[in-house]
Amino acid sequence: MQILERSGLGEETCLPPACHYIPPTSTMESARAEAEVVIFSAIDNLMKKTCLKPKDIDILIVNCSLCFPNPSLSAMVVNKYKLRSNIKSYNLSSMGCSAGLISIDLARDLLQVLPNSSSLVVSTKIITPNYYQGGAAILLSNRRKDNSRAKYRLMYVVRTHKGADDKAYRCVFEQEYPQGKVGINLSKDLMVIAGEALKSNITTIGSLVLPASEQLLYVWSVHNPFCKSHFILFCRWSRLRDGRRRQ
């Protein structure tokens, strides 16, 4: 009950039918059914808001880390919306929490070599096999006619790959346990590794978007022991304060 109370789940939160049983009945059929509801709902909402027609989609990218049926989820979308036979279709899996960013990066690279095109990116998690869910769809375009109605302009995409480090490689590791059950093992080094990746990303993106004065201030703060200790104390005090509030 404490986990549920602190999870942030509201009264309108629902679970797929497979999770209504004890123990849950996790099957490929139920996972595929959930994927259809989540993905198709996100795409339908996007098409309604943007007046997008299936024939206008040139690139399709779907990512889902821990649910990868055959035919793929991207093929499922092509079949549902009867997309063109010459569409550039990609299905990404096992990319973890960075899958959404990787999909955007792939869409950007493709749009740079395919002029006058639009890319549909769908990022999702399926709760039936892994108790981890979410779903979103976004449209990226390099067509001039879309320039006036676009909400954002994609300027930079920065990604740091820590896979060469053994600890980083195994910090989120899917494995089978002695009881025969498959689960995700989260290493105690996860937060440290995530912090190092975030620091690398901020350093890289900072040099691209920050003015020279702010970059100099950052360099000074990194090499100033007082700033380092002050920042660490501030972070620890913030975590302590938040913990007391939750109690």
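## Salt bridges and a surface patch

Let's begin with Arg108, which is partly exposed, with a relative accessible area of 24%. Here buried means under 20% relative accessible area, exposed over 50%, and partly exposed in between (1.4 Å probe, protein chains only). The model is predicted: local features need pLDDT of at least 70, side-chain atom pairs count only at pLDDT 80 or more, and totals for chains, interfaces and linings use all residues. Residues are numbered from 1 along each chain as its sequence is written, and side-chain values use heavy atoms, leaving out hydrogens and water.

The structure holds 6 salt bridges, each a side-chain nitrogen of Lys or Arg within 4 Å of a carboxyl oxygen of Asp or Glu. Among them are these:

| Pair | N to O distance |
|---|---|
| Arg143 and Asp58 | 2.7 Å |
| Arg108 and Asp105 | 2.9 Å |
| Arg108 and Asp109 | 3.4 Å |

Arg108 and Asp105 both lie in helix H4 (residues 99-113), 3 residues apart, about one turn of the helix. Helices (H or I, at least four residues) and strands (E, at least two) are DSSP runs, numbered from the N terminus. Asp109 is partly exposed, at 34% relative accessible area.

Where do Arg143 and Asp58 stand, buried or exposed? Both Arg143 and Asp58 are buried.

Now to the surface: Met155, Tyr156, Leu208, Val209 and Leu210 form a nonpolar patch there, with about 450 Å² of accessible area together. Patch residues have over 30% relative accessible area and no salt bridge; like charges are joined within 9 Å, nonpolar side chains (Val, Leu, Ile, Met, Phe, Trp, Tyr) within 5 Å. Accessible areas come from the Shrake-Rupley method with a 1.4 Å probe; for residues, only the protein chains shown count as cover. Leu210 lies in the loop between helix H7 (190-209) and helix H8 (212-222).
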